[in-house]
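This report describes the architecture of one protein chain. It begins with a single helix and its neighbours, and then turns to the spaces and ring pairs of the fold.

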Amino acid sequence: MPTRARERLVQAAEDLFYAEGIRAVGVERLLERSGVGRASFYRHFASKDDLVSAVLRERDEKWRRALAENVASRGDDPLALFDALEADFGGDDYRGCSFINAMAEIADTDHAVYRLAEDHKRAVTGYVGELLAKAGYTEHAELAAQFVLLLDGAIVTALRLRSPEPARRARAIAETLLNAASRTAPPSIEGGGREGDPG
(Lines give C-alpha, C1' and ligand atoms only; values in the text may rest on other atoms or scores of the structure.)
Protein backbone atom coordinates (compact mmCIF):
# COMPACT_ATOMS: atom_id res chain seq x y z
CA MET A 1 0.00 0.00 0.00
CA PRO A 2 1.43 3.44 -0.91
CA THR A 3 2.80 5.41 2.01
CA ARG A 4 2.06 9.07 2.63
CA ALA A 5 5.69 9.94 1.82
CA ARG A 6 5.45 8.20 -1.54
CA GLU A 7 2.19 9.98 -2.34
CA ARG A 8 3.77 13.35 -1.50
CA LEU A 9 6.78 12.60 -3.68
CA VAL A 10 4.66 11.54 -6.65
CA GLN A 11 2.36 14.56 -6.35
CA ALA A 12 5.26 17.00 -6.03
CA ALA A 13 7.02 15.38 -8.98
CA GLU A 14 3.90 15.44 -11.14
CA ASP A 15 3.36 19.14 -10.46
CA LEU A 16 6.99 20.13 -10.98
CA PHE A 17 7.69 17.95 -14.02
CA TYR A 18 4.57 19.26 -15.75
CA ALA A 19 5.29 22.90 -14.95
CA GLU A 20 9.06 22.95 -15.47
CA GLY A 21 10.15 19.76 -17.25
CA ILE A 22 11.68 16.50 -16.11
CA ARG A 23 15.35 17.39 -16.58
CA ALA A 24 15.00 20.85 -15.01
CA VAL A 25 13.82 19.44 -11.67
CA GLY A 26 16.45 17.82 -9.46
CA VAL A 27 16.08 15.57 -6.44
CA GLU A 28 16.77 18.43 -4.00
CA ARG A 29 13.86 20.41 -5.42
CA LEU A 30 11.61 17.37 -5.15
CA LEU A 31 12.59 16.85 -1.53
CA GLU A 32 11.96 20.51 -0.72
CA ARG A 33 8.52 20.56 -2.41
CA SER A 34 7.35 17.24 -0.99
CA GLY A 35 8.78 17.67 2.50
CA VAL A 36 10.20 14.15 2.30
CA GLY A 37 13.73 13.37 3.48
CA ARG A 38 16.44 11.97 1.23
CA ALA A 39 16.54 8.60 2.99
CA SER A 40 12.79 8.25 2.60
CA PHE A 41 13.05 9.17 -1.08
CA TYR A 42 15.51 6.35 -1.74
CA ARG A 43 13.43 3.89 0.28
CA HIS A 44 10.63 4.44 -2.22
CA PHE A 45 12.55 5.05 -5.45
CA ALA A 46 15.93 3.76 -6.54
CA SER A 47 16.49 6.87 -8.68
CA LYS A 48 14.83 9.94 -10.11
CA ASP A 49 14.06 7.92 -13.26
CA ASP A 50 12.07 5.47 -11.13
CA LEU A 51 10.06 8.39 -9.76
CA VAL A 52 9.47 9.74 -13.28
CA SER A 53 8.16 6.32 -14.33
CA ALA A 54 5.83 6.17 -11.32
CA VAL A 55 4.50 9.65 -12.11
CA LEU A 56 3.81 8.75 -15.74
CA ARG A 57 2.07 5.49 -14.81
CA GLU A 58 -0.26 7.30 -12.42
CA ARG A 59 -0.78 10.18 -14.84
CA ASP A 60 -1.67 7.71 -17.60
CA GLU A 61 -4.27 6.00 -15.43
CA LYS A 62 -5.87 9.23 -14.20
CA TRP A 63 -5.84 10.98 -17.59
CA ARG A 64 -7.34 8.10 -19.56
CA ARG A 65 -9.98 7.49 -16.90
CA ALA A 66 -10.97 11.18 -16.90
CA LEU A 67 -11.09 11.25 -20.70
CA ALA A 68 -13.29 8.15 -20.86
CA GLU A 69 -15.66 9.57 -18.24
CA ASN A 70 -15.89 12.89 -20.08
CA VAL A 71 -16.59 11.21 -23.43
CA ALA A 72 -19.09 8.81 -21.85
CA SER A 73 -20.98 11.78 -20.40
CA ARG A 74 -21.35 13.01 -23.99
CA GLY A 75 -22.83 9.77 -25.26
CA ASP A 76 -19.54 8.15 -26.37
CA ASP A 77 -19.55 10.26 -29.52
CA PRO A 78 -16.01 9.96 -30.96
CA LEU A 79 -16.02 13.69 -31.72
CA ALA A 80 -16.46 14.35 -28.00
CA LEU A 81 -12.75 13.53 -27.63
CA PHE A 82 -12.03 17.01 -28.97
CA ASP A 83 -14.69 18.63 -26.79
CA ALA A 84 -13.05 17.02 -23.75
CA LEU A 85 -9.65 18.45 -24.69
CA GLU A 86 -11.05 21.90 -25.42
CA ALA A 87 -11.87 22.47 -21.75
CA ASP A 88 -8.18 22.06 -20.82
CA PHE A 89 -6.78 24.39 -23.46
CA GLY A 90 -5.97 28.04 -22.96
CA GLY A 91 -5.18 28.22 -19.25
CA ASP A 92 -2.05 29.97 -18.00
CA ASP A 93 -0.88 26.72 -16.38
CA TYR A 94 -1.44 24.61 -19.51
CA ARG A 95 1.79 22.87 -20.53
CA GLY A 96 0.54 20.39 -23.12
CA CYS A 97 0.73 16.61 -22.81
CA SER A 98 2.98 15.11 -20.14
CA PHE A 99 3.75 12.17 -22.43
CA ILE A 100 4.63 14.22 -25.51
CA ASN A 101 6.79 16.38 -23.26
CA ALA A 102 8.52 13.32 -21.80
CA MET A 103 9.31 11.93 -25.26
CA ALA A 104 10.72 15.31 -26.30
CA GLU A 105 12.97 15.44 -23.23
CA ILE A 106 13.98 11.78 -23.14
CA ALA A 107 14.99 11.22 -26.75
CA ASP A 108 16.41 7.73 -26.13
CA THR A 109 13.75 5.37 -27.49
CA ASP A 110 15.10 2.53 -25.31
CA HIS A 111 14.68 4.55 -22.10
CA ALA A 112 11.95 3.30 -19.74
CA VAL A 113 10.37 6.76 -19.58
CA TYR A 114 10.16 7.01 -23.37
CA ARG A 115 8.62 3.53 -23.56
CA LEU A 116 6.00 4.48 -20.94
CA ALA A 117 5.05 7.51 -23.01
CA GLU A 118 4.76 5.30 -26.09
CA ASP A 119 2.59 2.86 -24.15
CA HIS A 120 0.28 5.72 -23.16
CA LYS A 121 -0.15 6.79 -26.79
CA ARG A 122 -0.86 3.20 -27.82
CA ALA A 123 -3.46 2.89 -25.07
CA VAL A 124 -5.15 6.13 -26.12
CA THR A 125 -5.18 4.96 -29.74
CA GLY A 126 -6.74 1.68 -28.66
CA TYR A 127 -9.44 3.49 -26.69
CA VAL A 128 -10.22 5.76 -29.64
CA GLY A 129 -10.42 2.71 -31.88
CA GLU A 130 -12.92 1.11 -29.49
CA LEU A 131 -15.08 4.26 -29.56
CA LEU A 132 -15.06 4.30 -33.35
CA ALA A 133 -15.83 0.58 -33.58
CA LYS A 134 -18.73 1.02 -31.15
CA ALA A 135 -20.02 3.84 -33.37
CA GLY A 136 -19.98 1.42 -36.32
CA TYR A 137 -16.99 2.65 -38.33
CA THR A 138 -15.51 -0.24 -40.30
CA GLU A 139 -11.96 1.15 -40.62
CA HIS A 140 -11.81 2.07 -36.95
CA ALA A 141 -8.10 1.27 -36.48
CA GLU A 142 -7.01 3.57 -39.30
CA LEU A 143 -9.43 6.28 -38.18
CA ALA A 144 -8.12 5.96 -34.61
CA ALA A 145 -4.56 6.65 -35.77
CA GLN A 146 -5.81 9.71 -37.66
CA PHE A 147 -7.78 10.93 -34.64
CA VAL A 148 -4.75 10.61 -32.34
CA LEU A 149 -2.65 12.54 -34.86
CA LEU A 150 -5.28 15.30 -34.72
CA LEU A 151 -5.46 15.14 -30.92
CA ASP A 152 -1.68 15.42 -30.55
CA GLY A 153 -1.53 18.22 -33.11
CA ALA A 154 -4.26 20.12 -31.27
CA ILE A 155 -2.46 19.67 -27.94
CA VAL A 156 0.83 21.04 -29.27
CA THR A 157 -0.83 23.90 -31.15
CA ALA A 158 -2.86 24.86 -28.08
CA LEU A 159 0.40 25.11 -26.16
CA ARG A 160 1.65 27.62 -28.72
CA LEU A 161 -1.56 29.63 -29.12
CA ARG A 162 -2.83 29.42 -25.50
CA SER A 163 -6.31 28.98 -26.92
CA PRO A 164 -9.01 26.27 -27.13
CA GLU A 165 -9.36 26.98 -30.86
CA PRO A 166 -7.05 24.10 -31.99
CA ALA A 167 -9.45 21.60 -30.42
CA ARG A 168 -12.33 23.07 -32.43
CA ARG A 169 -10.33 23.00 -35.67
CA ALA A 170 -9.19 19.42 -35.08
CA ARG A 171 -12.79 18.44 -34.32
CA ALA A 172 -13.95 19.87 -37.65
CA ILE A 173 -11.28 17.88 -39.52
CA ALA A 174 -12.24 14.73 -37.59
CA GLU A 175 -15.89 15.27 -38.48
CA THR A 176 -14.91 15.47 -42.16
CA LEU A 177 -13.06 12.17 -41.80
CA LEU A 178 -16.09 10.52 -40.22
CA ASN A 179 -18.44 11.85 -42.88
CA ALA A 180 -16.26 10.19 -45.52
CA ALA A 181 -15.87 6.91 -43.61
CA SER A 182 -18.00 3.80 -44.07
CA ARG A 183 -20.19 2.51 -41.25
CA THR A 184 -21.92 -0.70 -40.39
CA ALA A 185 -24.56 1.02 -38.27
CA PRO A 186 -26.50 4.30 -38.50
CA PRO A 187 -25.19 7.30 -36.53
CA SER A 188 -26.31 7.36 -32.91
CA ILE A 189 -26.01 11.16 -32.84
CA GLU A 190 -27.35 12.79 -35.96
CA GLY A 191 -24.93 15.07 -37.76
CA GLY A 192 -22.17 14.48 -35.20
CA GLY A 193 -23.87 16.88 -32.76
CA ARG A 194 -22.12 18.25 -29.71
CA GLU A 195 -24.48 17.12 -27.00
CA GLY A 196 -23.26 18.22 -23.61
CA ASP A 197 -20.74 20.68 -25.05
CA PRO A 198 -20.65 23.59 -22.61
CA GLY A 199 -19.58 25.95 -25.39
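## Helix H4 and its surroundings

In this predicted model, the buried residues of H4 pack against helix H1 (4-20), helix H2 (27-34), helix H3 (38-44), H5, H6 and H7. The residues concerned are Lys48, Leu51, Val52, Ser53, Ala54, Val55, Leu56, Asp60, Leu67 and Val71, which are buried in H4. The list includes Lys48 and Asp60, and both count as charged by class.

The length of H4 agrees with expectation, because its 25 residues should span 36 Å at 1.5 Å a residue and its end C-alpha atoms are 36 Å apart.

## Helix H7

Helix H7 covers residues 112-134, a run of 23 residues. From its first C-alpha to its last it reaches 33 Å, close to the 33 Å expected at 1.5 Å a residue. Just after H7, Gly136 adopts a positive phi of about 95°.

The buried residues of H7 are Val113, Tyr114, Leu116, Ala117, His120, Lys121, Val124, Tyr127, Val128, Gly129, Leu131 and Leu132. An α-helix has 3.6 residues a turn, so residues three or four places apart point the same way. Among the elements that cover the buried residues of H7 are helix H4 (48-72), helix H5 (80-86), helix H6 (98-105), helix H8 (140-161) and helix H9 (165-180).

## The fold as a whole

The protein contains nine helices and zero strands. From the N terminus on, its elements run α-α-α-α-α-α-α-α-α. Along the principal axes, the C-alpha trace spans about 60 × 30 × 30 Å.

Of the 199 residues in the protein, 41% are buried. Among contacts with a separation of 6 or more, 65% are made by residues 24 or more positions apart.

## The largest pocket

The largest pocket has a volume of about 240 Å³. H4 and H6 are the elements that give two or more residues to its lining. The lining comprises 15 residues, and Tyr18, Arg59, Trp63, Tyr94 and Gly96 lie nearest the centre of the pocket. By class, eight of the lining residues are nonpolar, four are polar and three are charged.

## The largest cavity

How many cavities of 30 Å³ or more does a search of the whole structure find? The search finds one. The largest cavity has a volume of about 50 Å³. H7 and H8 are the elements that give two or more residues to its lining, and the largest share, four residues, comes from H8.

The residues that line the cavity are Trp63, Cys97, His120, Lys121, Val124, Val148, Leu151, Asp152 and Ile155. Six of them are nonpolar, one is polar and two are charged. Trp63 lines this cavity and is also one of the residues nearest the centre of the largest pocket. His120, Lys121 and Val124, which belong to the cavity lining, are among the buried residues of H7.

## Aromatic pairs

The count of aromatic pairs comes to four. The rings of Phe41 and Tyr42 form an edge-to-face pair, because their centres are 4.9 Å apart and their planes stand at 70°.

Elsewhere, ring pairs link Phe41, Tyr42 and Phe45 into a cluster.

## A residue of helix H8

Gln146 lies in helix H8. Its relative accessibility is 29%, and Gln146 therefore counts as partly exposed. In sequence, Gln146 and Asp119 are 27 residues apart, and in space they are 17 Å apart from C-alpha to C-alpha.

Terms used:
Residues are numbered from 1 along each chain as its sequence is written. This is a predicted model: local features need pLDDT of at least 70, side-chain atom pairs count only at pLDDT 80 or more; totals for chains, interfaces and linings use all residues. Side-chain values use heavy atoms; hydrogens and water are left out. The expected span of a helix is 1.5 Å times one less than its number of residues. Buried means under 20% relative accessible area, exposed over 50%, partly exposed in between (1.4 Å probe, protein chains only). Contact means heavy atoms within 4.5 Å. On a 1 Å grid over the protein atoms alone, a cavity is a set of points where a 1.4 Å probe fits but cannot get out, and a pocket is an open set with protein on both sides within 12 Å along at least five of seven lines; lining residues have an atom within 4 Å of a point. Grid points are joined across faces, edges and corners, and a volume is the space filled by probe spheres set on the points. Rings of Phe, Tyr and Trp (its six-membered ring) pair if their centres lie within 6.5 Å; planes under 30 degrees apart count as stacked, over 60 as edge-to-face and the rest as tilted.
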